[in-house]
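Let's take a walk through this protein together. Have the structure open in your viewer and follow along.

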Amino acid sequence: MKSIILISIIATMNLSAVDLNLLVAFEALMEERHVTRAAERIGLAQPSMSSALRRLRALFADELFLRAGAGMQPTEKALALAGPIGEALRQIRSALVPDQGFDPAIARRRITIAATDYGDLVVVPELTRLLRVEAPGIDLAVRPLTDATVALAKLERGELDALIGGHLPDSPRCVRHRLFEERFVCARDARTNRSERLSLEDYATLPHALFSAAGGDGLPSVIDALLARHGLKRRVAVTLAHVVAVPFAVAGTDLIATMSERIARRFTDLADIAVVAPPIDIPAFAIDLIHTSRAAQDPALRWFLDAADRCARRLRY
């Protein structure tokens with residue numbers, strides 16, 4: 001509804017006073033958050049981009065972008081305008097070149113996504129390799145996905161092109177595509193682990209290392225509920241904020257960690273850990289790709305989403 005209202009406001013402005021190039025400059029500033037990089041992106045000199053920013057501020061009666069460190073931070077109004085302006089520009093581009101096919105080999109584009117730690121470690125490397133081979137002119141910017149609700153709002157506003165990760169919330173304005181499922185394994189120190197099997201009693205008795213991006217000990221969880229059915233309870237001895245730290249915390253200690261299999265296996269040699277099956281049946285979880293309906297009108301984004309799916313096929317069991 002907010003986007004519809006903003007589109008109506010833009011439509012009722014004196015369009016004869018609006019230079020379409022200003023909206024292109026706004027889009028570049030929103031994506032780059034840096035005046036010089038935005039200028040380079042659309043082929044302007046830095047003074048020309050600064051002039052465009054001044055005109056945008058006058059046009060919308062708002063600062064739009066404020067200095068923050070080495071870059072620019074969009075204001076609330078800029079964030080609200082990003083979706084409608086981006087959608088309007090996509091429709092204009094589509095109307096001007098309706099029959100032009102998309103060629104990833106020569107395309108120049110920046111795709112911005114948000115990914116969980118899992119997505120960063122498992123999906124993004126595959127995507128990066130594919131992009132360098134098939135679409136070397138497409139730049140990929142990956143933002144951290146720590147708060148799924150915030151990330152979903154950014155996706156809906158057009159600040160992000162897609163989200164990748166597990167346990168992502170639903171939205172009636174977004175499309176969810178299942179990439180693959182992930183299962184859990186246990187990681188132990190490889191030098192002291194002499195058995196490929198782990199008893200339920202040992203699993204409950206050993207001290208646990210736990211990944212919890214949100215902080216705290218993360219309890220209660222599905223695992224604790226499953227143990228409770230057997231009258232057992234585990235002790236979480238170490239809680240870590242980054243999943244990549246878990247294998248290294250386990251190595252050389254008596255700790256055990258329950259973690260996603262594809263991440264654990266990436267560290268078997270690097271962290272000298274052993275991967276064993278958990279003694280309880282822990283439900284698998286889905287890794288999803290979430291995007292909006294904008295993709296239907298954006299050939300580059302459609303291609304990227306298909307590329308992500310092709311990468312996921314290589315990762316499926």
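Is Arg-157 buried or exposed, or does it count as something in between? With a relative accessibility of 28%, Arg-157 counts as partly exposed, because buried means under 20% relative accessible area, exposed means over 50%, and partly exposed lies in between (1.4 Å probe, protein chains only).

## Before we start

This is a predicted model, where local features need pLDDT of at least 70 and side-chain atom pairs count only at pLDDT 80 or more, while totals for chains, interfaces and linings use all residues. Residues are numbered from 1 along each chain as its sequence is written, and side-chain values use heavy atoms, with hydrogens and water left out.

## A sheet of five strands

Let's look at an open sheet with 5 strands, in the order β9-β8-β10-β7-β11 and with mixed pairing. Strands here are DSSP runs of E with at least two residues, and helices are runs of H or I with at least four, numbered from the N terminus. Two strands pair if DSSP finds at least two bridges between them. At the edges sit β9 (235-240) and β11 (273-276), each pairing on one side only. On average, neighbouring strands of this sheet are turned by 35 degrees against each other, direction ignored. The axes behind that angle are lines fitted to C-alpha atoms (for helices, over the stretch in contact), and angles run from 0 to 180 degrees between N-to-C directions.

Now pick out β10 (residues 256-260). Of its 5 residues, 5 are buried, so this strand is largely enclosed by the rest of the structure. Strand β7 (residues 184-189) pairs with β10 in the antiparallel sense over 5 bridges, and Val-185 has Met-259 of β10 as its bridge partner. As a general rule, strands of a sheet pair through backbone hydrogen bonds, either parallel or antiparallel.

Which residues make a nonpolar surface patch of about 290 Å²? They are Val-244, Phe-248 and Leu-270. Patches take residues with over 30% relative accessible area and no salt bridge; like charges are joined within 9 Å, and nonpolar side chains (Val, Leu, Ile, Met, Phe, Trp, Tyr) within 5 Å. The areas come from the Shrake-Rupley method with a 1.4 Å probe, and for residues only the protein chains shown count as cover.

Val-244 lies in the loop between β9 and α10 (245-250) and is partly exposed at 35% relative accessibility. Leu-270 belongs to the loop between α11 (261-266) and β11, and its relative accessible area of 62% makes it exposed.

## Charged partners

A salt bridge is a side-chain nitrogen of Lys or Arg within 4 Å of a carboxyl oxygen of Asp or Glu, and by this rule there are 26 salt bridges. Back to Arg-157: its partner is Glu-159, with the closest N and O atoms 2.5 Å apart. Glu-159 is buried, at a relative accessible area of 14%.

Asp-298 and Arg-109 form another salt bridge, with their closest N and O atoms 2.8 Å apart. This pair links distant parts of the chain, 189 residues apart: Asp-298 is in the loop between β12 (285-292) and α12 (299-315), and Arg-109 is in strand β3 (residues 109-115). Asp-298 is buried, at 6% relative accessibility.
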